[in-house]
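Please read this briefing alongside the structure. It is written for someone meeting the chain for the first time.

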Amino acid sequence: MFIVLSSCRDDFESEPSFGELEFSQDTLYLDTVFTNIGSSTYSFKVYNRSSQDIIIPTIQLNEGGNSNFRLNVDGVAGKTINNINILSRDSIFVFVEVTADIQELSQNQLSFLYTDQVNFDSGANQQKVELVTLIQDANFLFPERFQDGSTETLSLGLDAEGEEIQIDGFILDQEHLTFTNEKPYVIYGFAGVPSGETLTIEPGARVHFHENSGIIVSNGASLKAKGSLSSTDLLENEIIFEGDRLEPEFSNVPGQWAAIWLTEGSTGHEFDYVTIKNSTVGILMDSNDGSSEPTLKIKNTQIYNSANVGLLARTGFVDAENLVINNSGQSSLNLSLGGRYNFRHSTFTNYWRNSFRQFPAVLIENNLEAGETLFVSDLDVNFSNCIIYGNESIELLFNKSDQAEFNYKFQNTLLRFNDINNQYTDNELYDFENPDLFENLITNEAPQFQNTEENQMIIGEESAANGVGNQDTANIVPFDILGKDRTQNPDLGAYQSIQFED
């Protein structure tokens, strides 16, 4: 739908345009779009600086009906628009969209710079505004559409009433169980990894999700997303999961897609040098595989801008190092319904500013209420050389049931816990002087992050986390997330400190 802003009246007499229009820009750049996916609506203004009302005989795309651009001028949509009036010293908006098929524009190119121009009038009076956009090729994966108009779905089992729970989705076939870096992947609905199979995502791969889409890994299946360290800010070797809107204004918008869902019984998951951004839940982990090895090994990974939770694990078994989670609508890390967890040199922060936040950066629980039923499970969690911080006074909370074990240890960790109302003073769960629970804990001192709004969670040399790490833990994780050696004077969190530029 176009929203049209213009000035108009019924009683003016207009003169023809004499080629003296002015434009808010002489070239309109539309941001990169995937092939066959419509762009956002872009606009520019056309000014009549003269003292006379004027009429523009034609406004048209240079490629005419063959153009992949679309126009809307003064409420009229088309590729050629006639007799547009502009009052004296007034202006109109021209709105532009594009949808293009890269296969029709080029032979075997992964991206194509597509151009056209908007012509105002013709002959000697003709003026123009250039149009430029980049069309990006991609692998599109989506549910099958059937002849009756319905689409393929995945079953999630039965609800409390015995009705089948279904979501839009499809099972990945053998040819799609390896994602390469040749061109991006765009997923509609949930891409299901079948039982007994492994979805392998190679270094440098880019995976984009449409609204309400994600990956779901079934019982007995695995997901291995193993990138590698990049040498530039382009993160050329890192694996990136994000939404399918490529315009800059969508680059940090939470909730554009659903989640990476590791269902109960799935196994052997590995994430290394991965960025997960702008989802509803970054990783949703249901239970563990019951083995003596972690069901999820995650390292050198960043999870940002989750509308709800960055990492939500229910009875999970997770081993993590150099993990960074920031900017979540609820908690960045929620260990729900017990489980086993080890976090080394990880940064869990929450500087969410989009709405009111009632949960801390880290929420740890050994129970889960579902209606009138309380589920409980033993908990065992360890944090070493970590940072837990955010823009709220208290960024760590426990939810303990005495019906299950609740074991935890924080070692050499920087924590924001400013109990200004003394609400937790006599609560033994928060006895920060108890060395069996908290060892070398630092509370409420500034971590000095580079830029929390831009998810730049590297710390400065004046940080309270600088040089106070446990050496044994640092030897287990000898390099920070950027590949910097930390075996000498290790810092807390995923990053070794740097000197910030003034």
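The points below go from the whole chain to its cores and then to its strands.

This is a predicted model. The protein chain holds two helices and 41 strands. Of its 502 residues, 51% count as buried.

**Overall build**

- The C-alpha trace of the protein chain spans about 85 × 60 × 45 Å along its principal axes.
- The accessible surface of the protein chain is about 23,000 Å². Carbon and sulfur atoms account for 42% of that surface.
- Take the contacts in the protein chain with a separation of 6 or more: 65% of them involve residues 24 or more positions apart.
- The protein chain carries 26 positive and 75 negative charges.

**Nonpolar cores**

- The largest nonpolar core has 65 residues. Those with the most contacts inside this core are Phe241, Phe271, Phe343, Ile364, Phe383 and Phe398.
- Strand E27, residues 309–328, gives this core its largest share, six residues.
- Another core, of 29 residues, lies apart from the largest one. Leu21, Leu30, Ile84 and Val129 are among its members.
- Phe383 has contacts beyond its neighbours within four places in sequence. Its partners there include Leu333, Phe343, Phe348, Val362 and Ile364. Also in contact with Phe383 are Ile388, Lys409, Phe410, Gln411 and Thr413.

**An open sheet**

- Five strands form an open sheet in the order E2-E4-E9-E6-E7. Their pairing is antiparallel.
- Strand E2 (22–23) and strand E7 (76–78) are the edge strands. Each of these pairs on one side only.
- E2 and strand E4 (residues 42–48) run antiparallel and are joined by two bridges. Glu22 has Tyr47 in E4 as its bridge partner.

- Strand E18 (residues 198–201) has one covered face, with Leu199 and Ile201. Its uncovered face has Thr198 and Thr200.
- E18 pairs with strand E15 (residues 178–179) in the parallel sense, over two bridges. Here Phe179 stands opposite Ile201 in E18.
- E18 also runs parallel to strand E21 (residues 222–226), with four bridges joining them. In this pairing Ile201 stands opposite Ala225 in E21.

How values were computed
Residues are numbered from 1 along each chain as its sequence is written. This is a predicted model: local features need pLDDT of at least 70, side-chain atom pairs count only at pLDDT 80 or more; totals for chains, interfaces and linings use all residues. Side-chain values use heavy atoms; hydrogens and water are left out. A nonpolar core is a set of buried Ala, Val, Leu, Ile, Met, Phe, Trp, Tyr and Cys residues joined through side-chain atoms within 4.5 Å. Buried means under 20% relative accessible area, exposed over 50%, partly exposed in between (1.4 Å probe, protein chains only). Contact means heavy atoms within 4.5 Å. Accessible areas come from the Shrake-Rupley method with a 1.4 Å probe; for residues, only the protein chains shown count as cover. Lys and Arg count as positive and Asp and Glu as negative; His and the chain ends are not counted. The place of a charge is taken as NZ of Lys, CZ of Arg, CG of Asp or CD of Glu. Two strands pair if DSSP finds at least two bridges between them.
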